[in-house]
Amino acid sequence: MTLVADVQTGAGGFSVDAAFAVGAGETVALVGPNGAGKTTLLRAVAGLSTLDDGRVVVGGRVVEDRRAGIRVPVEDRAIGFVFQDHALFPHLSLLDNVAFGLRARGVGRAEAAARARRRLDRVGLADRASDRPARLSGGEAQRVAVARAVAVEPTLLLLDEPFASLDVRARAEARHHLRDELSVFGGTAVVVTHDPVEAMTLASRLLVLEEGRVVQDGTPAAISERPRSAYVAELVGVNLFRGRAHGDHVILLSGAHLVIADAGHGDVLAVAHPRAVALHRHPPEGTPRNVWAGVADRVEHLGERVRVRVGGAVPLVAEVTAASARELRLADGGEVWASLKATEVTVFPV
Amino acid sequence: MSARRAIAAAVAALAALVPACGGSSAHTVTVFGAASLTGVLPELRQEFLRGRAGERITLDLAGTPQLVAQIEAGAPADVVATADEASLAELRARRLLDGPPVVFARNRLAIAVRPGNPRHIRDLADLAQSGLVVVFADARVPAGKYAAAALGRAHVSVHPASLEQDVKAVVAKVALGEADAGIVYVTDVRAASGKVGGVAIAASDNVVARYPIAAITARGRAFRDFILSPDGQRVLRRAGFSSP
Amino acid sequence: MTRRPPLALAVPAGLGVMFLALPLVGLVQRAPWAAVGHQLASHEVRQALRLSLVTSLAATALAVVLGVPLAWVLARVSFRGRALVRALALLPIVLPPVVGGVALLLAFGRRGLLGGWLAALGVRLPFTTAGAVVAETFVAMPFVVLATEAGLRSLDPRYEEAAATLGARPWSVFRRVTLPLLAPSLGAGAALCWARALGEFGATITFAGNLPGRTQTMPLAVYVALESQPDGAIALSLLLVAVSVVVLVLLRRRLFPA
């Protein structure tokens with residue numbers, strides 16, 4: 001394990017209590033709603049803030065342990081950090097920025113410059129080595145920030161919402177570059193992001209943080225299958241219901257009934273993929289046992305697929321083909337019937 | 001207190017202050033005096049005002065050149081007393097005086113030393129000792145001119161550590177312990193007894209300072225006359241000034 | 001921005017300008033322009049000028065050496081009594097200069113708090129050029145502290161954090177990141193400090209005394225010359241005004257952004 005962290009820290013009436021580990025070469029995405037404490041957690045691991053309690057081990061070395069009175073300062077932790085808004089030194093050229101860490105560690109001027117130039121070359125900015133950061137676009141600056149952080153070959157690379165300030169197009173490009181960079185880096189990385197696509201494309205594992213606590217930790221697939229919270233469900237794009245199971249049906253919190261095969265007993269979470277939801281103009285006939293009337297709240301066209309949010313007794317998201325949508329003559333606010341096959345719902349205990 | 005009453009109170013307070021600034025009131029006389037008169041002028045004022053209810057005197061004390069410059073620039077003085085005759089002669093030449101200047105007192109120089117005279121200074125010659133911190137007044141001030149004259153008579157050459165702006169500053173430096181010795185007036189030593197010690201200067205080397213007084217406006221005549229009167233002279237004698 | 005100010009504001013503003021401008025106009029108008037060159041070339045004036053430049057630059061250097069670390073501690077370290085220390089650092093601005101001079105005597109004079117130790121080290125401050133430097137530093141240092149602290153507070157802490165994550169030790173971070181980014185604020189503070197030190201009178205004459213060539217700086221020379229040699233005084237005053245104007249012009253972007 002390259003990183004083993006057990007962090008308890010609180011600042012201004014909000015606390016983080018999270019334990020997780022990241023294996024060598026792994027990239028973990030730290031996701032969660034705003035205010036969940038992702039940045040707080042990251043900064044605590046980096047040593048930019050002090051733990052109230054807990055322990056952080058990087059590369060097998062204890063860098064912080066409150067009880068044992070150990071605290072290795074930031075500069076000695078062999079951790080690279082990429083800030084939101086890059087934080088490139090405005091008074092230094094790109095070359096000096098990337099060379100900064102090397103020079104700080106005693107590497108000679110000429111050698112540091114040579115290595116920095118190679119890094120800039122990799123991100124395609126070698127010809128602008130003597131420019132100041134102010135002359136770069138957001139995406140370019142972020143690339144340099146990553147280059148600067150990995151130039152010193154840290155054991156662990158932490159990235160705090162690296163693309164938050166970029167526009168959609170720049171983001172896609174930056175993501176692409178970062179993927180490349182991470183695969184060459186070979187080290188371990190933790191990326192904080194609130195963009196699910198980013199999380200899914202960059203990371204092999206997702207760590208979901210809500211209100212300072214780890215709510216879920218697993219691969220994107222595992223999380224998709226069994227989301228444990230509304231946020232995660234939204235993240236992976238499935239329908240999630242909470243309720244009490246009584247054998248062959250589940251009574252949802254709203255009072256509606258969901259007929260499900262083998263529902264079990266007790267408090268459960270029920271998951272249904274939007275594709276399992278069928279939409280009709282009139283109450284359907286046939287086998288579906290879960291049928292509700294609703295109103296088409298929001299219709300989103302995503303190419304050949306259409307996502308429809310249906311409000312009503314059982315709010316859910318349905319995904320249908322564009323053709324079907326046209327047939328149904330769905331428009332925002334239109335009445336619609338939704339049905340869900342009992343066999344397409346997964347139930348698992350809370 | 002309501003806002004309106006507060007404002008009324010403030011206005012009343014300000015109105016009460018107005019007579020205190022500037023000698024515009026018919027009963028306030030402004031006296032300009034040389035720095036070396038700092039100790040004796042308040043006493044003279046007190047004596048003068050005895051039995052003169054309703055009259056007020058403001059004292060403005062500074063180095064003689066400063067007083068002269070201010071009067072030339074139109075400062076509202078009613079009577080002026082300086083430490084050398086040349087200053088009032090100058091004002092007379094510019095027709096700024098009401099009546100001729102009259103010498104009202106004389107003064108002599110003395111050496112001010114730290115209490116107990118720790119450096120054993122006996123005369124002006126001792127001031128030339130190396131390592132001694134000596135100060136006197138700048139040559140543009142009467143006390144400075146007299147000091148230079150006295151040193152000249154005694155054939156003593158002293159390198160002062162500082163040339164102060166008036167004789168009271170010289171006294172202060174010695175009293176604070178920063179200077180070992182300073183050349184001041186005998187009246188200064190007397191006024192600061194306890195804080196400084198005094199060493200007499202030989203009569204042959206010493207300089208006589210003649211203090212003139214003149215009225216600038218008619219209002220100032222009464223105070224000028226008082227200073228020249230036996231009662232005023234008595235106060236001056238008590239302070240250590242010699243008769244004119 | 002508005003082109004037509006209300007009369008109730010324009011009139012007092014105009015009076016304000018006149019109030020500030022008239023003394024300068026008087027100075028320029030009374031100046032013996034033909035003789036200014038000669039005046040400024042006289043020995044006493046050159047002496048006072050040289051002394052003023054030496055002491056004010058030395059005072060600025062001392063103020064920076066002491067003031068920048070102080071500002072750093074005030075801005076970055078939280079400790080009990082911080083508000084008190086900040087008030088202390090700014091005290092000389094509100095203290096009457098002569099009072100400052102007396103206080104300096106009571107601290108560093110022969111009989112002052114440190115008098116004994118200084119004497120033992122063979123150091124004497126009153127009545128010396130070094131004393132003039134001390135007096136000027138005392139009154140002018142607050143400008144350095146104020147400007148630097150403000151600069152530090154407005155500095156994005158993430159630059160220093162980034163430097164730390166890259167492996168730079170605290171002193172290295174200060175030297176290679178903080179200080180360069182602080183340079184504009186520090187420069188403005190130092191310039192104001194220098195201008196203040198150049199114009200200092202009360203504390204200098206009280207603590208260091210007045211002796212041509214050793215402690216008689218330009219403001220003291222102006223005062224001494226005022227009655228006996230007004231032309232010389234005016235010439236010197238013009239010189240001081242010119243220096244101040246130059247400083248303000250050079251700092252205009254910093255003091256009045258936009």
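Modeller: Chain B is split into domain 1, covering 3-106 + 211-239, and domain 2, covering 107-208, with bounds that come from an automatic or database domain assignment. Across the contact between them, domain 1 of chain B contributes 14 residues and domain 2 of chain B contributes 15 residues, where two residues are in contact if their C-beta atoms, placed from the backbone, lie within 7 Å. On the side of domain 1 of chain B that touches domain 2 of chain B, the elements giving two or more residues are helix H3 (64-72) and strand S4 (98-113) of chain B; helices (H or I, at least four residues) and strands (E, at least two) are DSSP runs, numbered from the N terminus. That side of domain 1 of chain B consists of seven nonpolar, five polar and two charged residues, with Ala, Val, Leu, Ile, Met, Phe, Trp, Tyr, Cys and Pro counted as nonpolar, Asp, Glu, Lys and Arg as charged, and the others, Gly among them, as polar.

Please keep in mind that this is a predicted model, in which local features need pLDDT of at least 70 and side-chain atom pairs count only at pLDDT 80 or more, while totals for chains, interfaces and linings use all residues. Residues are numbered from 1 along each chain as its sequence is written, and chains are lettered from A and ligands numbered from 1 in the order in which they are written.

A second contact links chain C to chain A, with 15 residues of chain C touching 16 residues of chain A. On the chain C side, helix H8 (157-165) and helix H9 (170-199) of chain C are the elements that give two or more residues, and H8(C) supplies the largest share, seven residues. By class, this side of chain C holds nine nonpolar, three polar and three charged residues.

Chain C itself has 13 helices and zero strands, and its C-alpha atoms fill a box of roughly 65 × 65 × 30 Å along the principal axes. Of the contacts in chain C between residues at least 6 apart in sequence, 77% join residues at least 24 apart.

Chain A, by contrast, has nine helices and 19 strands, and its C-alpha trace spans about 80 × 50 × 35 Å along the principal axes. Five of these strands form an open sheet of chain A in the order S14-S18-S15-S16-S17, with antiparallel pairing; strands pair if DSSP finds at least two bridges between them. Strand S14 (277-280) and strand S17 (316-321) of chain A are the edge strands, each pairing on one side only, and the twist averages 45° from one strand to the next, from axes fitted as lines to C-alpha atoms (for helices over the stretch in contact), with angles from 0 to 180 degrees between N-to-C directions. S14(A) and strand S18 (residues 335-340) of chain A are joined in the antiparallel sense by four bridges, and Val277(A) has Leu340(A) in S18(A) as its bridge partner.

Elsewhere in chain A, strand S10 (residues 205-210) and strand S11 (residues 213-218) run antiparallel, joined by five bridges, with Leu207(A) opposite Asp217(A) in S11(A). S10(A) and S11(A) form a hairpin with two residues between them, and Glu211(A) in the turn has a positive phi of about 50°.
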